[in-house]
Every structure is written in structure tokens, then in C-alpha cells.
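Hi everyone, thanks for coming. Please have the structure open on your screens, and let's walk through it together.

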Amino acid sequence: MEYRDWLNRHVKIGSEVLWVTRAEVESLGITRQEVFSLVEKALAYHGRKGVEMPAKIGIHPHTQPNTLMHAMPGYIPAEFIACIKWASCFPENPKRFGVPQTTGLMVFNDHESGLPVAVTDAAWITKMRTAAVSAIGAKYLANTDAAVAGMIGCGVQGKEHVKVMELALPKLEKILIYDVNPAALDATIAECQPLVKARIVKASSFEEVVKGAEVVFSASTITASPSPAIRDEWIVPGQTLVMADMHTLYEDATMKRADKYLVDSIEEHVYFAGIGYYPHGLPEIYGETGEVVAGIKKGRESKAELIVDNNTGMSVEDAMVVRAIVDRAIERKVGRIVPL
Amino acid sequence: MTQEVLWLSEKQVAGLGITMAEVIDAVEKGWKIKGEGKVEMPAKIGIHPRKDCYIHAMPCWIGGEVDTCGLKWVSGFPQNIKKHMPYNIGLFILTDSDDGHMKAVMDANWITTWRTGAASGVIAKHLGPKEASTVAIIGAGRQGRINLHAMATVYPGLKSARVYDPMASQVDGLKAQMAELFPKLEVVPCADVESACRDADIVISCAPVLEKPERNIRAAWLKKDVLCIAVDHDSSFDADVMTEAKVYVVDDRGQYEHMQGGGVYFQGYPTEEELYAEMSEVVVGKRLRVREGRRTAAPMGIACNDVIVGKMIYERALDRKIGTWVEP
């Protein structure tokens, strides 16, 4: 009730809504480390079953190949968060229209009355939390003394991964990056190197990254069915493969021979399997990323384990971050009030 | 280049002057495209922050000549009424099909109310009698009123509405509203459900939706030729009204199967396989229109209706230069 009263003093719940734009979200100064901690907390709530999160549903307009729009509601009782993300990914947007692939909005609701309190941009949240989830996966599952990490796919997501991975891998000396579009590599170095201690080095092939890195992150474009570019024979014991792009790049054999195979949400991935994303079937799932974060399941138990962590993103991660945005926006008097 | 988003409040949406006839046409068009297999609409999902409460996510892509996406995010919190807050409230987001950007965010209350009434209007157009003189309305709240509005629109010759509601003030409210909209329509308050239903050509139930329904409309009270529309899921009509009907339709097979399979709603009602049709199949002529005997319908309310009406609102607001443009 106290939290609701505080919100209601600033946004008249039921007659007003706080609107926070993308530029305003970015101006709030929420740091990478803060997002990392918020998302880590979200994963722990999820691991302890302290959330309500139905498997997301979506639509897929045929206007471009591989489009998606997802409706992602989430409820975290302990944090008084009830919200939804409505976000789209249209892979050909940059090429066709010169606009970003990913756009979206979040609606933050009063958990006591269900009324909408705030609407904010979702693109920044999506970018930040997705990379944070991958980094957190590495923190709990990788050999954290790793000196070399790899990043495959250097779009918006890949760049953010490069910036955040040091929070999980403090001994990192080198980040090998690769993208099928060579221009993306220079852009990544230009944007990320000033923020990152490890040396960012261009690789010339998938093979070079996979053979050179102990932890391999990937954030390529998810295709309707996998189109493996990474050969199973390149993968060695002790490696950790953290995917933000499902099985798109890997051979089924790699997925199935991992010592531990984790996903963020079993329910979500079973749903995705049902609509055809895993034509070879899902590997046996060891556990959920959040269960390891919560300490319910063990993470890495030996140096030689091959571990795969496959995360597609969960609404509770967005939920933790959006509350921080709404709270901060109210504190800083950022955003505008629109009539409901 | 960022494209701004049009924000529309409930007052702005309601002030656009969109008519019931227009909403009925829009919902029918959505169903036509659905019947052609050009609508993607997964069964809705939701969260439940309080007992008996929900917030539902309802996304849909209508392809074909409409080619528009959207999401309704709508809550139902019964205890709000005690706190003098709305029971249902929500937002509708209109989304571009070409690049996925958000075109408009609007209050969803008006859409929900009007498209629900209009859905009954489309059902009556296809399965109702050619001429109707008497409609029974069970439950005289917001839905009872808009459903009567829809019937009076589809049947300009409608003579009387027999109305039952346990709260007399609700009936008075309905009567006052109809006196303004349809001065020739006689509104007859009824002492019980039976006397409301006895002579009606169309019976529409708009009671509160309950998880454990106390159904109170008996098959024996209905005329031989009658159209029954359950706007309250299964809260009012006895199961045999539907199971023994010549025709029983819903607005979406998948949603119906999902809801009935959940074990709470539509228990004892016909199964998905036993349906005469989904309404979209009737609209495109895959199933025949039936106008005799007992025809029954349980429209649950689907995102397809919201998206097509939301698009109409957006276009009208652009025409009239209504709303507030905000940066995304």
C-alpha cells in the first residue's frame, strides 16, 4: 500500500499515466551494473518460483521474414511489479527502412488495482537486460577465470554483450568478435573499446572465435529453424556457450552432448519447440538459469564441463528494470503526464 | 528518425463520434478476414495479482487488406468497484505491420465496451431473425446497454426491450440512456428473468462473469425460434440451452478450447468439436446462416475485434486531429 500511495502522489492512478520516452529512459543514468544486479534478482525470483509469468505469446506478420511481436506479461509480488512488454523484432528494418530492428513499449500497472501507471520505451530495457542475462549465465556457469571470450553477432545486442561481459568475467584479457557483416566489427570496436578493459579483437570466421574463446556468446538473428555455422568438432570441454539466439548457429550434436544444458524458462522453450524452433527436439534440460542463480541447482562443478545456456528472455527481467525506471523517473521528475 | 506515437484518452476516443453501425461493420470485416485464414491470434495469457483478478494480454495480427497489429492489455479487478475505481481498464497499442513500430496507445475501455456490443450485432445479422420485435437483456450494466444499442442498430424496427437486473437503479440507468438514443424503443423492466425471456426473439445475458456460475436462464422459458447470446461466458444460460440448440457458435475456436479446457468456464457447454461454427466461418459463408430454431452464441471477446476497432479509432483521430503526439 505504501508503494502505491507513493506512486499515486505523483501519478493520479486511474486518471493519469506517466509517459517516459526512450531518450528519457537513457537520461536516467541507470548503470550497466545496476541492470546486471536487477536482472540477477529477477532470475533468482524466477528460480525460486516467486513470479507469475505465462509463456509469452506472439504474432508474426509476413511483411518480412522472421518477424515477431511478443506480448510478455510478468508479475513479481515481492517487488509490487505487474507489467507487460509489447515488443517487436523486424530483422530487415535497418536495411529496408533505416529504422531499428527492435522497438517496443512497456506498460507498468498498479498491482493493487490493475490500472496502468506508466508507459515507457522497451528497446533500451530489452537491449540492456538481454545482454545482462547472458553475462549472468556466464557468471554462474563459465570458468570465471576465462581470459578470452567470444562474441558472435555484433549488432545492438552484440555490442551490449561486449560492454557487460566483464562484470561476470573479471579476468578477461581479450574479446574476439565476429559478424558476417565486417563493418559491424569496426563499429563494435569504436563503440565498445573505450568502455572495456579487455582488448577487442576482430576475428575472421566463426571458427576463429569458437576455437579461441573459453566463453562464447552469440546474438545473431534468430531464424525460424537453425542454420548451423559452427561445427561441432570445434567445441571442446570446458567451454561455455551462452546463446541469446537459440540454436540458430549450432549443430544439434553440440546441444545434445553438453554436460549441462540450461534454458531460462522450460515453459517458454517447450512452447517454442511446439511452434517449430527446435526441429531436432530440445536436449535434456538440466535446469533453468534462475535456479542456478538462486542456488537451487549447481552451476559449473568442474573445469572440464561443456555447458550450454540458452536464454530467450523473460518478462520478469523487463519487470525488474522497468520498476527501476519508473521509480527513478518519478524521483527525478522525468517524463510527462498524459490523461487516461 | 523516430515516429511519434499518438496518445488517446478515454474521453478523446469516446468523443470521436464513431457509431455503432460503424463498429459492427468493422468487427464483421475482421471476422471476414479471420474466416479467410489471414488472422494470427494466439489464445490470451495473463497475470493475476489479486484473488479473482486478471490482467490479460491480447495480441493479434489482422492480415489481408487491413494488415494491422495490436495488443490490448486489460485488467479486471472486481474489488475496484468498492473503491469507486473502474472494474475493467486497459490500454490498447496499435502496431505497424511493416516495421513493428508503435503507432498509437489509447484507452481500451471504449473499444472493449463497443466491440463487445458490436460482436453481438454481427451475430444477430447472421443468425438473428430477419425482423425482431422483442429483445431480452439480462443484466443492465455497461454491457447490457451497449448490447441493446447494437440490437436497436441492427433492428431499426425493434419495439421493446425486456430488461432484468437485480439492481433496479441499473435498469433505470439503461432506460434513461435508451430514451435518448432510441426514443421509440419501449424499455420494460421485468421482475424476474423468466418474464424477461418469455416472449423475446433475442435473449442476451450480460451478468457479471463468475467462476462458479449460478445459471438462471432455463430452456423451457425460451421461444421456439430464438437467438441466445451469452456475453457473460456461461454465467446465465443453463447448459442445455446450448447443448440442445440447433446452432451454437463462438468467436474463436482456439480461445474456446483453451478456456473450456481450463476447467473453469463453459463446463457442461458443447465442446469445440460440437460447435456449429466459429462466427468467422459463418461470415465468409463456409457455414450457412440459420434463422430458425434455437441459435445460441457465446462470444468471449477476441483481440481481432480490438485491433480492427483500434485501427478505425486511430484513423478517425488523425482525420479529426484529436490526441496528443508523444515521443516513443
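Chain A has 12 helices and 15 strands. Keep in mind that this is a predicted model. How compact is chain A for a protein of 340 residues? Its radius of gyration is 20 Å, close to the 20 Å from the globule rule, so chain A is as compact as a globular protein of that length. If you draw a box along the principal axes, the C-alpha atoms of chain A fill roughly 60 × 40 × 40 Å. Of the 340 residues in chain A, 56% are buried. And take the contacts in chain A between residues at least 6 apart in sequence: 74% of them join residues at least 24 apart.

Now let's zoom in on one strand, β4(A). Is β4(A) mostly covered or mostly open? Mostly covered: 9 of its 9 residues are buried. Ile81(A), Cys83(A), Lys85(A), Ala87(A) and Cys89(A) point one way, while Ala82(A), Ile84(A), Trp86(A) and Ser88(A) point the other way, and all of these are buried.

Which strands sit beside it? With β3(A), β4(A) runs antiparallel, and 9 bridges join the two. You can find Met69(A) opposite Ser88(A) there. These two strands form a hairpin with 4 residues between them, and in the turn Phe80(A) has a positive phi of about 60°. β4(A) also pairs with β5(A), again in the antiparallel sense, over 8 bridges. Look for Trp86(A), which stands opposite Leu105(A) in β5(A).

Let's move over to chain B. Its domain assignment gives domain 1, which is 5-111 + 304-326, and domain 2, which is 128-301. The C-alpha centres of these two domains of chain B lie 23 Å apart. Where they touch, 12 residues of domain 1 are in contact with 14 residues of domain 2. On the domain 1 side, the largest share, 8 residues, comes from helix α2 (residues 20-35) of chain B. That side has 6 nonpolar, 2 polar and 4 charged residues.

One last stop: strand β8 (residues 134-138) of chain B, where 5 of its 5 residues are buried. Both faces are covered, with Thr134(B), Ala136(B) and Ile138(B) on one side and Val135(B) and Ile137(B) on the other. β8(B) pairs with strand β9 (residues 160-164) of chain B in the parallel sense, over 5 bridges. In that pairing, Val135(B) stands opposite Ala161(B). How does the chain get from β8(B) to β9(B)? It crosses through helix α4 (residues 142-154) of chain B, and this β-α-β crossover is right-handed. β8(B) also runs parallel to strand β11 (residues 202-205) of chain B, joined by 4 bridges. There, the bridge partner of Ile138(B) is Ser205(B).

Note on methods. Residues are numbered from 1 along each chain as its sequence is written. Chains are lettered from A and ligands numbered from 1 in the order in which they are written. This is a predicted model: local features need pLDDT of at least 70, side-chain atom pairs count only at pLDDT 80 or more; totals for chains, interfaces and linings use all residues. The radius of gyration is taken over C-alpha atoms; the globule rule is 2.2 Å times the number of residues to the power 0.38. A residue is buried if 20 or more other C-beta atoms lie within 10 Å of its own, exposed if 12 or fewer, and partly exposed in between; C-beta atoms are placed from the backbone. Two residues are in contact if their C-beta atoms, placed from the backbone, lie within 7 Å. Domain bounds come from an automatic or database domain assignment. Ala, Val, Leu, Ile, Met, Phe, Trp, Tyr, Cys and Pro count as nonpolar, Asp, Glu, Lys and Arg as charged, and the others, Gly among them, as polar. Two strands pair if DSSP finds at least two bridges between them. A crossover is right-handed if, with the strands pointing away from the viewer, the path from the first strand over the helix to the second runs clockwise.
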